[in-house]
Amino acid sequence: MTTANDKKYELKLDKTKQILFAKALGSFGPADADDFVRDYTIILKPVNAKEYELQFDCKELKVSGKDTKSGVDMTNMLRGCLEMYKKEGFKNVVFDCTKNIVLKMQLQRLCKEAGLSTATVK
């Protein structure tokens, strides 16, 4: 099963390898985050996340901050997603932030705050 939004994210569930592949692009606003969570919930529903790894390609994701249109602090929404991954109980969560040191540091901090101990940020 695959879910794609040509602007902000892609989700692909590989049941054979037991991996949920996710890719995030650019800057997310509240509507983008809501759409992502909705599609994530739908794609993950038929499987037990505890048997899966979440691999997140963040190479083209921008650092989260305050959304200029809505004034919403997207850092809190990102933290909420990390808490959601923790609650789902993935075996491993891997964030690939190659060459984006600031995003890598932000994700490491937020994973720690969310208690997502199964996360690796590279």
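# Briefing: strands, helices and selected residues

Asn 76 is partly exposed, with a relative accessible area of 43% (buried means under 20%, exposed over 50%, partly exposed in between; 1.4 Å probe, protein chains only). This residue sits in helix 2 (helices are DSSP runs of H or I with at least four residues, strands are runs of E with at least two, and both are numbered from the N terminus). The model is predicted: local features need pLDDT of at least 70, side-chain atom pairs count only at pLDDT 80 or more, and totals for chains, interfaces and linings use all residues. Residues are numbered from 1 along each chain as its sequence is written, and side-chain values use heavy atoms, without hydrogens or water.

**Strand pairing**

- Strand 3 covers residues 19-26, strand 4 covers residues 53-61, and the two pair in the parallel sense over seven bridges (pairing takes at least two DSSP bridges).
- Within that pairing, Ile 19 has Glu 53 of strand 4 as its bridge partner.
- The chain gets from strand 3 to strand 4 through helix 1, in a right-handed β-α-β crossover (right-handed: with the strands pointing away from the viewer, the path from the first strand over the helix to the second runs clockwise).
- Strand 4 is also joined to strand 5, residues 92-96, by five bridges, and these two strands run parallel.
- Two facing positions mark this pairing: Glu 53 stands opposite Asn 92, and Asp 57 stands opposite Asp 96.
- Strand 5 in turn runs parallel to strand 6, residues 119-121, with three bridges between them.
- Here Val 93 faces Ala 119 of strand 6.
- From strand 5 the chain passes through helix 3 to reach strand 6, and this β-α-β crossover is right-handed.
- Four of the five residues of strand 5 are buried, so the rest of the structure largely encloses this strand.

**Helix 1**

- Helix 1 spans residues 30-44.
- Its 15 residues reach 21 Å from the first C-alpha to the last, close to the 21 Å expected at 1.5 Å a residue (the expected span is 1.5 Å times one less than the number of residues).
- Its buried residues include Pro 30, Ala 33, Tyr 40 and Leu 44.
- Two aspartates, Asp 32 and Asp 39, are also among the buried residues of helix 1.
- Phe 36 belongs to this helix.
- Phe 36 counts as buried because its relative accessibility is 3%.
- Phe 36 and Tyr 9 lie 27 residues apart in sequence, but their C-alpha atoms are 7.2 Å apart in space.

**Loop residues with positive phi**

- Gln 18 is not a glycine, yet its phi is positive, at about 55 degrees.
- Gln 18 lies in the loop between strand 2 (9-14) and strand 3.
- With a relative accessible area of 29%, Gln 18 is partly exposed.
- Lys 99 is not a glycine either, and its phi is positive at about 70 degrees.
- The loop that holds Lys 99 runs between strand 5 and helix 3.
- Lys 99 counts as exposed because its relative accessibility is 84%.

**Back to Asn 76**

- Gly 65 and Asn 76 are eleven residues apart along the chain, and 8.8 Å separates their C-alpha atoms.
- Helix 2, where Asn 76 is found, covers residues 74-88.

How values were computed: Axes fitted to C-alpha atoms, helices over the stretch in contact; angles between N-to-C directions.
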